[in-house]
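Hi everyone, thanks for making time.

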Number of protein chains: 2
Amino acid sequence: MSQEESFYIVPPEQHKQLVHDAYLARGYNSSEAEAAAAMCGNASHHGIRTHNALKALHLDELFGSGSGGCVPDAQIEVIESKFKAVQTWNAHRKLGQAVAMEAMNTCIELADEYGVGIVAVDNAFHYLWGGGYVIDAAKKGYIAYTNCTSTLSEVVPFGGKYPTLGTNPHSWGFPTCDAVGYPVVLDWATSTIAMGRVQQLKREGKELPPNAAIDANGKMTTDPNQVAALLPFGAHKGYGLCLLNELYGAVIGGSLPTLRGRADEAKAAGEKSTTAFYFQVIHPDALSGRDFSKNRSQAENITAVIKDVLGHGNENCMLPGTIEANNAKRSVKAGGLLFSAAELEEFAQLAEECKIDPALWSPQNLPLFTEA
Amino acid sequence: MSQEESFYIVPPEQHKQLVHDAYLARGYNSSEAEAAAAMCGNASHHGIRTHNALKALHLDELFGSGSGGCVPDAQIEVIESKFKAVQTWNAHRKLGQAVAMEAMNTCIELADEYGVGIVAVDNAFHYLWGGGYVIDAAKKGYIAYTNCTSTLSEVVPFGGKYPTLGTNPHSWGFPTCDAVGYPVVLDWATSTIAMGRVQQLKREGKELPPNAAIDANGKMTTDPNQVAALLPFGAHKGYGLCLLNELYGAVIGGSLPTLRGRADEAKAAGEKSTTAFYFQVIHPDALSGRDFSKNRSQAENITAVIKDVLGHGNENCMLPGTIEANNAKRSVKAGGLLFSAAELEEFAQLAEECKIDPALWSPQNLPLFTEA
């Protein structure tokens, strides 16, 4: 969180109620509204300001129930299959958060029996924040992974000129609570930076980092006003990881990336415009060779390895997931979710729409958060 | 391949015989020697000069049968488990290539039944080239993945000073032969560059790329003579991917990364010094939502997606795996494996050791390769 901004503490129940009601008002059923509220709250609890309730509802307006990309009250169809540890679902454009939560739970059930469980989802709608699902599974003791195709194609293939790839994120969660008190979580887009960050830098009159974006002529630019498309992180390696999601999507049922999230154009071309999800959970017992040094348990062995990695002068290094865990700690300490004044203003508007007293969301009526 | 060097064409059978005999001479049994020869030949066929037979035998001398890190004729022990789609093996330090080939085949068998198959391997020895195993599986029509912990810890955690991580590679293979004539293959270490590349740049008096290495004081350096440790590619994202292999290794049975590959120190500390492997195969049918646009088959859908990614002005972009595929095409065209004069000299020495006529490996007696 930026040090320049002030944050106000919102009771989790108040946030949950508003998000729930906002989804109900858009026609979603109560279990969908609950899933949405839970995942939005989870994101804010972990300090994920780019993927909070405001972003979720904005996505719904742009691509979701507002335009037919998401269908309230849709039913998940499990595709018949002879493969016992893998399921593929047709989500029929059901709300992403509800589908993703159920998919991860099904992966866990499959992993309990087979050691690994996979759920692939076709005809999906944005699941908001992949990190949330793998954090939950990792806290339950599992190794979890998800990827998805992003709604829009904003990323240029390595050496290319035109954005034909999504910002395609990957999220891994590892059961390291015993070792370090929280799950190790890798959770990032395969673009160097997000398009939202470009817009933020534009507002602030700041430059982009190098190798993050190109202009309309396909030339590298650090000027946010000239950005036409994003570049993958880490040159050809990040490009490969970005492409991976497109290939998973293609195998599952996604169609042309450049038409994804563009319902009208896709329809005119006879193509689908939906995204695809991939979820995977592994039971760590299934991977144990039961031959740990010094008779350590598996959990003790993970602790020893992490201690070695962060030893020898590396004590100040962070683990992937440390930032999210520290944010969560702060939320617990604050006793609520932290939002800026600008965010509260948007929530107040939303409250008005949902016939909830907007004064509840006024900074005057909420405690200011101060780091003790 | 460098344009400055000349390459000579070695008949695959001649290469196979020599590598096979070299492994037999080191005490390996004939099926191990065959696996080693097959994978070394596969690497050279795909133009992987950094992981050919010479590297494999060098590794064996440094860390393998020469020092007890690899045990000829060891038997794989399958750990008893209730999980049906995942197996964990104790390789008892059996030759990595033989273990990896068998592991990938077992993953395929499991995937045929369960949709996904995983084999984790504890007490493993270097499998040389992860790309080879996923290329083979992808050519058979499967989605394949492997990672392993690298023998030595040469990589510094993001923001750190001391190398506590392996160069830990990831390899993914996708069944895209119908779409583009070869598998899409992501196959790279999580360090920006390899230590072998640093040594090469030192010999050539050239600079490193930026953000690739640090000196003894933990400062970024581009001088190959000052390199004390390598940096992960792509800042915190590549660091996370590098750490991932350490966590898989920790779950499977690997001990402290800084003692890996250092048998004596590890023994003195009561720790293991072996690496760990992770293999995974998915049957693409298991992921199919059977709802492809325009009634395309799954393979046709993959083709359409790749065409879209490499369209719109991106026609000159490569796919991950293009270089390996082009090298393989060239080997086929040449009718043999391509080696430089310096490499042939090393092979000739090896031939002498194996009581094979070294003249067979003399550049004078082998056809020079010329690009038609």
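Okay, let's start on the inside. The largest cavity is lined from chain A by A:Tyr145, A:Trp172, A:Tyr248, A:Tyr278 and A:Gln280, and from chain B by B:Tyr145, B:Trp172, B:Leu244, B:Tyr248, B:Tyr278 and B:Gln280. Which elements give two or more residues to that lining? In chain A that's strand E10 (275–282), and in chain B it's helix H8 (235–252) along with strand E10 (275–282).

Keep in mind that this is a predicted model. The space in the largest cavity comes to about 140 Å³, and searching the whole structure turns up three cavities of 30 Å³ or more. As for what kind of residues we have around the largest one, the lining counts nine nonpolar and two polar residues, with no charged ones.

Now, how do the two chains meet? Chain A puts 97 residues into the contact, and chain B puts in 97 residues. Together they bury about 7,500 Å², and carbon and sulfur atoms give 64% of that. There are also eight salt bridges between chain B and chain A. One salt bridge between side chains joins B:Lys84 to A:Glu113, at 3.0 Å from N to O.

How values were computed. Residues are numbered from 1 along each chain as its sequence is written. Chains are lettered from A and ligands numbered from 1 in the order in which they are written. This is a predicted model: local features need pLDDT of at least 70, side-chain atom pairs count only at pLDDT 80 or more; totals for chains, interfaces and linings use all residues. Side-chain values use heavy atoms; hydrogens and water are left out. On a 1 Å grid over the protein atoms alone, a cavity is a set of points where a 1.4 Å probe fits but cannot get out, and a pocket is an open set with protein on both sides within 12 Å along at least five of seven lines; lining residues have an atom within 4 Å of a point. Grid points are joined across faces, edges and corners, and a volume is the space filled by probe spheres set on the points. Helices (H or I, at least four residues) and strands (E, at least two) are DSSP runs, numbered from the N terminus. Ala, Val, Leu, Ile, Met, Phe, Trp, Tyr, Cys and Pro count as nonpolar, Asp, Glu, Lys and Arg as charged, and the others, Gly among them, as polar. Contact means heavy atoms within 4.5 Å. Buried area is the accessible area (1.4 Å probe) that two parts lose on being put together, summed over both. A salt bridge is a side-chain nitrogen of Lys or Arg within 4 Å of a carboxyl oxygen of Asp or Glu.
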